[in-house]
Amino acid sequence: MALSKLSFLNHLAKTLTKPHRFQSHAQPSTYIPVRLFSFATPEEAAAERRKRKRRLRIEPPLSALRHNQQQQQQQPPRPSPSSASQNPNAPKIPEPVSALSGNRLNLHNRILKLIRENDLEEAALLTRHSIYSNCRPTIYTCNAVMAAQLRQSKYAELLSLHRFITQAGVAANVVTHNLLLTVYLDCRKTDLALEQYKQLISDAPFNPSPTTYRILIKGLVDNQQIEKALELKEEMATKGFKPDPTIYSYLMLGQAKNSNAEGIFELYEELKEKMGTEDILDGVIYGNLMKGYFLKGMETEAMELYNKVLGEGSNFSMSALAYNYVLEALSKNGKFDEALNLFERMKNEHDPPKKLSVNLGSYNIVVDGHCANKKFSDAIEVFNSMGDKRCSPDTLSYNVLIDQLCNNDKLAEAEELYKGMADKKVSPDEYTFVTLMDACFKESKPDDAAQYFRTMVESKLRPNLGVYNRAVEGLVKVGKVDEAKSFFDLMVPKLRMNDDAYKFIMSALFENGKHDEVMKIVDGMLREDPNDFTDEVEEFVREGLRKVGREDEVTNLKLDIEREKAEAAAKVAEEAERAKASARAAVASLLPSKLLGNKDSEIKDGEEEPPVEAAMGDDAAEEESVEKATV
């Protein structure tokens with residue numbers, strides 16, 4: 001111990017007496033850090049870090065728990081979630097407008113471009129394909145596609161797309177419900193529309209908008225259900241909505257259609273009372289109020305109201321709808337010259353998007369007025385000038401003008417309009433083809449009429465039985481029985497024919513001596529659906545065949561068909577029995593091989609021992625040998 005102390009002191013003295021150079025930096029620390037590596041490789045260290053992160057996710061550190069407890073003590077307790085939010089069947093809340101951003105906004109603009117190009121099939125297909133992609137379309141994109149389909153009256157495609165997005169879990173908003181209501185009301189399905197409205201009231205996580213009530217009330221008025229529309233108006237008031245002049249204008253229009261002038265004035269007085277003013281500045285109600293005056297024979301008061309609302313210095317607000325009501329009141333009550341002057345004023349004031357005073361309805365009213373005054377060239381001129389104010393005619397506009405032309409022996413002009421529908425990208429419907437077909441039959445052009453009917457069927461439209469009967473009767477009347485028979489063969493799979501339809505085509509074939517064709521029709525009826533071959537039709541066929549001595553052919557045909565059916569049934573039963581026998585043979589071939597193994601080869605020829613009994617005998621012999629061995 002002393003020696004070690006002495007050596008230490010000598011070392012210390014040498015160190016102190018040794019000269020040192022002046023250094024500006026600080027003295028190095030006497031503590032030398034030593035880094036100890038706990039892992040042999042970097043991979044093991046990375047694995048340990050991942051393990052630690054997983055542990056922290058599952059079991060957070062105590063400091064985090066203490067921090068959360070302090071926050072919970074400072075904040076008031078949250079109410080427990082309601083049962084509706086925990087219910088997976090509860091309706092979903094629609095996405096906000098802010099969801100329409102980034103790639104979803106790019107997809108939305110891409111689909112809007114397809115809509116502007118009138119490529120609705122591609123727009124709907126892209127929407128469907130994007131539903132299950134990384135860029136899911138918003139409900140606003142889906143609504144844009146469905147609204148475009150609604151504008152072109154593609155109701156089946158709209159309902160199909162709506163069903164698809166509903167099954168995909170895209171939450172609907174109030175615009176979606178409004179589109180469905182419009183579809184049902186346009187198709188005269190008022191019961192479905194009211195059921196959809198009840199579903200919106202009871203289940204949707206939002207309230208209906210004023211537009212919802214406008215759509216419902218207008219649709220009910222158009223479908224001659226004014227009483228239900230009045231009930232909805234009262235229900236709207238109980239829900240806290242303010243009185244809407246547009247809704248009152250729809251109701252006043254319904255009363256005008258029913259020639260109920262008193263109802264128009266009662267609604268007008270009620271609206272003034274609810275709004276608390278003597279003069280309602282919204283001009284949308286005054287056109288129908290003028291109709292009330294005209295209905296009561298008060299033409300002077302109607303024109304005074306017209307000058308008050310549309311005179312110089314008027315403060316009344318006039319939209320395109322308000323102008324149209326006034327235009328219609330003048331046009332249908334002997335004031336067509338004033339209506340034309342108002343129409344010119346509307347076109348001069350039209351300055352989109354600042355002011356919209358003309359729309360498609362304005363042109364339709366003026367065209368109807370010209371047709372009522374037998375000025376068809378002026379009507380066609382006004383119709384073709386729609387593009388000057390960026391208005392596009394729809395199928396209904398074409399149908400109204402084509403119908404007017406056909407009813408006034410202007411088939412050539414009507415066909416010119418029909419040919420121009422493709423240039424305007426407007427698709428004709430069943431009414432278009434039927435109107436032209438009837439006009440062709442009237443003008444003794446059966447070939448053109450048949451071509452219109454065939455084009456209608458090839459366009460995947462669905463003419464009803466009445467349209468088919470008119471086409472076939474027109475062809476038979478001019479002696480074109482073969483073409484009528486071709487239409488019959490074309491429409492049998494598409495329509496449910498009644499007895500009169502069968503009897504008419506059979507009668508035409510009988511008169512032309514084509515009894516074999518009648519028997520082919522009977523053969524098809526008995527094979528496809530024997531219920532179509534009723535007793536009345538059978539008696540009619542027998543009577544027609546009796547005239548040529550072939551009345552027994554119906555009985556023979558029925559016996560032959562019954563025999564063929566019996567033979568087919570026997571053949572099916574035979575095949576089923578053969579299949580069962582082959583299955584039993586397969587099972588029998590597998591059973592001995594499992595029980596006997598390779599001993600089958602040792603069975604001598606001519607032995608009649610059943611395979612199962614032989615197997616049981618072998619098992620008994622094996623048991624006996626085992627007992628002997630154990631003893």
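Reader: Does Arg542 count as buried or exposed?
Author: This is a predicted model, in which local features need pLDDT of at least 70, side-chain atom pairs count only at pLDDT 80 or more, and totals for chains, interfaces and linings use all residues. Residues are numbered from 1 along each chain as its sequence is written, and side-chain values use heavy atoms, with hydrogens and water left out. Buried means under 20% relative accessible area, exposed over 50% and partly exposed in between, with a 1.4 Å probe and protein chains only. Because its relative accessibility is 18%, Arg542 counts as buried.

Reader: With which residues is Arg542 in contact, leaving aside its neighbours within four places in sequence?
Author: Arg542 is found in helix 29, residues 535–546, where helices are DSSP runs (H or I, at least four residues) and strands likewise (E, at least two), numbered from the N terminus. Contact means heavy atoms within 4.5 Å, and, with those neighbours left aside, the partners of Arg542 are Glu551, Val554 and Thr555.

Reader: How many helices and strands does the chain have?
Author: Of the 631 residues in the chain, 37% are buried. Among contacts with a separation of 6 or more, 60% are between residues 24 or more positions apart. The secondary structure of this chain comes to 31 helices and 0 strands.
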